[in-house]
Amino acid sequence: MTFLERTTDVRRFRHWPGHIEADYIYTSGIAGETFFRELRENGRILGARCPQCGTQWLPPKLFCETCFRETTDWVEAPATGQVEAVSVVHVDAKGKPLDSPEVWALIRFAGFKGGFVHRLLVDPRKARAGLRVHPIVKPRSERVGAITDIVGFGP
Amino acid sequence: MEEVIPSRQPVGAMKGPRFVPDCSIQLMPWRASPVRVLGRDVPNVEVVSDTGEAFRELPMKGANFPALRVRGRSVEDYMQVSVPKLGRGFGKRGGTVEVDSGEVFPKDCAKPRHEGDTDWRDPLRDFRFFLDHGSGCNAGQTFIPIARFRRAAGLAGVESGEMKVGIVGVGITPFRPTTPEFSWKELTYDGAQRAYADAGIDPREDVDTFITCAEDYYEGFGIFDEFTPDQLGAVMRPMHTVGGDGIAGLANAFMIIQSGIADIAVVESHSKASDILTYEGIVAHGLDPIWNKPLGGHPNLIAGLEMDAYLRASGNTAKDCAAVVAKNRQAALHNPIAGHAARVTPEQAEGSPALWAPLRTLDVAPLADGCVVLVVAGEKAARKARTTPVWIRGIGWATETPSLETRDWTTSPATRIAASMAYDMAKVRNPAEAFDIAEIDDRFSYKELQHLEALGLARKGQAGKMVRRGDLAAGGKFPTNVSGGSLGCGNVLEACGLHRLAEAVLQLRGDAGSHQVDGARNAIVQSWRGLPAASGGVAILGVGK
Amino acid sequence: MRKVAVVGAGMTLFRRRLQETGKELSFEAARMALDQAGVEINDVEAVIHGTAPDAFDGVHMKGEYLADGSGGARKRYMRVFTGGGTGVFSAIAGWWHVASGLADVALVVNEEKMSSCQPHPQSVFAYIWDPILDRPLKPNLVWIFAMEMNRYMTVHKIPYEDIARVAVKNKRNAAGHPCAQLADANITLDDVVNSEMMAWPVRRLDISPPSDGAAAVVLASEDVVRKRKMKEHAAWIKGVGWCIDSTMWTDRDLYFPEYVARAAKMAYRQAKIDDPRKQIDFAEPYDPFDYKELHHLEGLGLADKGKAGLMTREGVTERDGDLPVCPSGGLMGVGNPIAATLGIKIGELYWQLTGQSGKRQIPNEVRTGVCQAWGDLMQFGSVMVMGT
Amino acid sequence: MTSRITKWPGVELGRKEIETGKVTSVRYRPDAKFAWSAGEAMSRFLAELQEGRMIARTCNGCARILFPPRMFCEECFRPTDAWVYVRDTGTIETYSISYLDTDARRITEPILVGVVSVDGASPKMGVMHYFGEMTKDEVRIGMRVKAKWKPREERVGSVLDIEYFRPLREGEG
């Protein structure tokens with residue numbers, strides 16, 4: 001017996017509703033600023049290169065994960081990447097059924113460590129690892145300098 | 001550098017008479033090398049000169065110590081410790097302790113340090129005497145803190161060498177999908193009172209430090225650390241929160257005890273998942289705000305992608321994952337605390353909707369409420385506990401990387417790194433042969449297979465076969481997750497790590513009940529922090545010497 | 001118990017808004033600390049991260065999110081979180097990583113980015129209260145400080161001017177700190193007394209500003225310090241202590257922080273200090289509000305109950321006084337990025353004890369210092385004693 | 001060496017630069033909603049508030065009357081013993097006169113708020129609440145106050161069932 005008295009009428013148990021939400025503005029950071037400006041202005045995708053070990057990071061980071069040094073050089077990513085993993089999702093962010101499934105993929109780029117986790121704009125039946133895809137970018141007028149400027153990746 | 005460090009007085013040069021070289025016997029219940037004093041081995045004593053070098057052989061071999069002179073500021077700062085406990089060789093006059101104010105203490109008496117000081121709890125037992133061999137006074141500063149009666153008597157302390165730390169108490173509340181009858185405080189109190197009863201201790205008297213593993217957003221608080229002490233009996237005691245899983249909490253208890261400032265620690269974690277109305281929203285809130293979160297999507301898509309990458313890279317199949325679901329949920333039927341036990345067949349699991357293909361709904365461990373509390377003790381205290389201590393032979397914890405893009409999606413490197421740390425500490429050469437049972441994270445079915453391979457308990461691609469051959473079942477070669485795991489008992493968020501530790505401890509103590517694996521003496525426990533993290537821990541537990 | 005030393009420290013600017021992401025701030029502070037210590041990332045065997053509410057940066061499991069920025073990738077990595085007390089507590093956790101023998105070199109990184117939260121971090125402070133007992137009243141965090149300050153002033157009959165002097169002292173001291181956000185070399189007592197009332201008795205200049213920032217320190221064991229000849233830039237950790245009080249803050253008298261006293265007693269015992277006022281040369285208590293410095297000096301046993309204000313009025317706590325307090329400029333002057341106050345508490349003790357504080361260096365020689373952080377609902381104290 | 005370090009990292013931004021998009025950024029609001037189980041003690045506490053009463057628990061271990069009520073005593077770590085009603089009068093232990101609302105926006109009409117220790121409970125045990133029917137010059141520590149309850153039909157089982165605490169009038173002591 002946890003306590004000396006326990007309620008057995010479940011209707012008497014109350015709960016208290018609430019939330020811990022707030023509005024946020026996340027700055028893209030130093031590395032992100034360069035990436036998103038380039039994406040917004042020229043629709044190009046840049047990665048960062050570590051001067052010490054030469055590893056090229058995508059998406060770009062201010063620091064190299066292995067040598068913990070500042071990545072000073074910028075390198076343009078290849079035009080196409082390759083799908084490493086695919087998932088066909090049938091529910092939305094809240095778990096409600098979707099009218100049509102979303103295809104998500106992990107896309108790797110040759111010579112870069114990392115890549116993108118993004119939407120794969122292909123028919124779910126044709127979605128499979130190994131596909132060569134390229135980023136599909138919104139027109140300049142609609143681009144604002146955010147990851148959503150890339151609509152997805154397609155063959 | 002143009003900044004010249006101001007000259008410092010040499011360390012140790014005290015005001016007052018020239019410092020006579022002396023040596024102090026520093027009695028430390030933590031790691032201390034055995035020392036010969038007057039030709040006799042005195043355990044757990046390290047003789048340290050004032051500049052810190054340790055002596056193995058006292059310089060004045062054969063000399064006689066007329067008195068154990070203790071220097072210090074004032075009488076009430078000391079509690080006299082009965083010298084004979086240090087062994088016959090000290091002080092011909094049989095252990096009177098003189099304090100420089102000339103007052104001689106009789107044996108075996110202890111006075112409170114300050115009149116008003118009701119708090120007798122003192123986590124430190126750093127007894128340091130300066131041995132004065134009678135030739136002139138010595139100005140070393142010496143200090144014996146007040147220790148609790150029980151511990152003051154047990155002066156012998158702990159054998160030298162690495163001090164052992166063991167789990168001596170386990171409290172698990174039954175895992176249930178909802179617990180409307182409890183607030184989170186009351187649920188945690190329920191878990192704590194069971195653990196304290198199991199270990200036979202009183203939290204208000206015996207416990208030196210408390211640790212909670214919790215995350216703000218799972219609990220619904222800006223600073224959850226505020227709401228943790230009362231229900232554990234930790235009010236006015238050292239307590240902290242770890243933003244990590246149970247094994248990270250256990251590691252802190254292990255290190256705090258090894259550092260010598262605590263004897264008994266309590267590690268707690270719980271889940272009130274039924275209070276959370278938007279679980280997916282909170283998990284998604286853990287994604288990188290600029291690279292991942294803006295894209296939306298149900299967070300389980302990450303597990304779907306990882307399962308796809310893992311199955312293809314390892315050669316295991318979705319059928320193997322379905323077999324894991326059936327194994328664990330059926331095993332849970334034998335575990336009274338399980339919240340989601342069910343006679344599930346692999347076909348049912350395989351037939352459930354693939355909402356995040358290839359990940360199916362039954363591949364995902366369902367959420368549950370529950371609390372797990374462990375009582376952890378250093379060797380001396382562990383031997384006095386009510387239960388058989390389960391020693392922590394090895395422990396490791398590691399993070400791979402938080403960024404989805406740069407992590408390895410096939411082999412769970414965090415598990416591999418944590419395992420190598422634990423194996424080094426426990427001197428495990430061949431993991432596949434070293435353990436009788438395993439409790440491995442299975443918050444998604446494919447994770448059990450991935451973790452088995454990352455731990456070296458199954459060769460690459462063989463974990464699936466082991467499941468289908470029945471090796472991992474209760475009667476099999478290598479019983480794994482016979483507790484029912486998270487799939488069978490329920491995903492209790494940050495408490496998953498502690499849950500697996502608790503289940504392994506009960507097995508090794510022979511207290512597991514109807515799902516007891518007979519003769520289990522060594523266990524490996526592994527945990528993962530769940531989406532979207534790539535972090536985990538490994539602990540190696542054993543009973544006996 | 002192996003002896004442990006701080007051998008390097010680093011921190012970023014403290015500002016109301018910084019452009020870097022939380023990861024990048026952590027990296028910048030950690031990189032500086034490693035460079036100062038002359039230690040490479042591969043020497044680091046454990047990374048301990050301390051950061052306060054996830055709701056500020058707006059990331060769930062924030063410890064995980066900041067792991068790569070703190071140098072924790074593929075390493076032992078752990079996040080500890082004790083509210084505001086994390087500023088000193090994460091270094092205590094770093095201490096037991098090394099003192100236990102599990103790691104020879106540990107990196108402690110603290111970060112806070114409060115500016116992500118709109119319109120003001122206050123709206124996240126609304127979630128630190130009990131949902132049933134307090135939140136319905138829509139409390140503002142300043143309220144609880146104002147209530148404690150009122151209780152403290154009334155019980156001890158402390159004139160408000162003595163409290164305001166702390167703000168003047170710290171904001172002037174901060175003029176010597178390169179990272180200071182609110183340094184003001186020529187602030188006067190009248191400026192503070194006449195600043196607009198926020199929640200009586202708290203005025204605007206009584207409060208430290210919310211800030212973005214990060215700080216880091218490198219800890220090393222005795223043998224590493226000896227082998228790599230770091231004695232010159234090493235400050236030894238002599239004592240650690242921490243303590244938490246009950247959640248029910250409305251059930252206790254707020255005039256004296258008993259939990260700080262307990263934490264201090266634990267740390268002093270380990271550091272062999274039985275007369276703090278004589279044996280401690282300088283102090284860095286936690287000063288999110290000016291009255292809190294006095295409140296905590298009394299908790300640390302460095303001033304009698306109710307007398308800390310008098311000491312401030314007599315200039316005892318000035319940088320050249322008998323007991324310099326907050327020579328760094330404290331949270332009041334340098335800024336309050338909560339967990340990242342590590343840099344002006346542990347970091348300042350390290351820089352002062354190794355004579356590296358530049359313009360802020362305390363004139364007379366210092367050999368033992370104490371720093372302290374406070375957190376949660378008037379509830380948690382963490383104390384560390386360092387010395388040469 | 002702080003004196004020798006020349007460059008201290010950190011790029012400062014003004015509020016405008018973020019809000020006007022001079023630097024790229026992303027806006028977001030998490031979906032983090034809860035329904036905390038009140039549990040044994042708080043369910044009864046709220047039910048009693050709805051009836052216009054305040055209830056506490058006694059602990060015979062430390063002879064305290066615990067308010068707000070709790071099913072275990074944090075001092076003795078044992079189950080508390082019995083329910084007991086406490087009065088809705090009390091003493092102001094501390095207070096503040098706030099010109100800030102919850103989002104730190106300045107308000108002209110100050111909110112009087114503080115902690116009231118409740119008669120019938122152990123000393124110093126009470127709740128935070130608003131104060132009313134008193135000016136910011138009249139409120140002081142030690143003042144005797146009484147709860148002003150909302151009408152029964154407006155009460156829902158919340159601390160807000162008490163509108164505020166007002167000064168105790170003659171004969172109400």
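Trainee: Two strands count as paired if DSSP finds at least two bridges between them. In S8(D), which residue is the bridge partner of Trp200(C)?

Mentor: The bridge partner of Trp200(C) there is Ile97(D). Strand S6 (residues 197-200) of chain C and S8(D) run antiparallel and are joined by two bridges. Strands are DSSP runs of E with at least two residues, helices are runs of H or I with at least four, and both are numbered from the N terminus.

Trainee: What kind of model is this, and how are its residues and chains labelled?

Mentor: It is a predicted model, in which local features need pLDDT of at least 70 and side-chain atom pairs count only at pLDDT 80 or more, while totals for chains, interfaces and linings use all residues. Residues are numbered from 1 along each chain as its sequence is written, and chains are lettered from A, with ligands numbered from 1, in the order in which they are written.

Trainee: How many residues of chain D are in contact with chain C?

Mentor: Chain D has 44 residues in contact with 47 residues of chain C, where contact requires C-beta atoms, placed from the backbone, to lie within 7 Å. On the chain D side, helix H1 (15-19), strand S8 (89-100), strand S9 (106-118) and strand S10 (126-130) each give two or more residues. The largest share, eight residues, comes from S8(D). By class, the chain D side that touches chain C holds 26 nonpolar, 11 polar and seven charged residues. Here Ala, Val, Leu, Ile, Met, Phe, Trp, Tyr, Cys and Pro are nonpolar, Asp, Glu, Lys and Arg are charged, and the others, Gly among them, are polar.

Trainee: And what does the contact take from chain B and chain C?

Mentor: That contact takes 61 residues from chain B and 60 from chain C. H5(B) gives the most to the chain B side, with five residues. The chain B side comprises 31 nonpolar, 16 polar and 14 charged residues. S12(B) also pairs with strand S3 (residues 76-81) of chain C, in the antiparallel sense over two bridges. Within S3(C), Val80(C) is the bridge partner of Val242(B).

Trainee: Changing topic: how many helices and strands are there in chain C?

Mentor: Chain C has 15 helices and 12 strands. Its radius of gyration is 19 Å, close to the 21 Å that the globule rule gives for 388 residues, so chain C is as compact as a globular protein of that length. That radius is taken over C-alpha atoms, and the rule is 2.2 Å times the number of residues to the power 0.38. Of the 388 residues of chain C, 76% count as buried, meaning that 20 or more other C-beta atoms, placed from the backbone, lie within 10 Å of the residue's own; 12 or fewer makes a residue exposed, and values in between make it partly exposed.

Trainee: Which residues touch the most other members of the largest nonpolar core?

Mentor: Leu374(B), Val217(C) and Met384(C) do, in a core of 400 residues. Helix H6 (residues 141-156) of chain C gives the most to this core, with 10 residues. Such a core is a set of buried Ala, Val, Leu, Ile, Met, Phe, Trp, Tyr and Cys residues joined through C-beta atoms within 7 Å.

Trainee: Where is Ser412(B)?

Mentor: Ser412(B) is in the loop between S16 and H11 of chain B, and its phi is also positive, near 45°. With 26 C-beta neighbours inside 10 Å, Ser412(B) counts as buried. Ala63(D) has a positive phi of about 55°, but Ala63(D) is exposed, with 8 other C-beta atoms within 10 Å.

Trainee: Which residues does a cis peptide bond join, with omega about 0°?

Mentor: Ala357(B) and Pro358(B) are joined in that way. Pro358(B) is in the loop between strand S14 (356-357) and strand S15 (369-378) of chain B. The bond from Phe67(D) to Pro68(D) is cis as well, with omega near -5°. In general, most peptide bonds are trans.

Terms used. Two residues are in contact if their C-beta atoms, placed from the backbone, lie within 7 Å.
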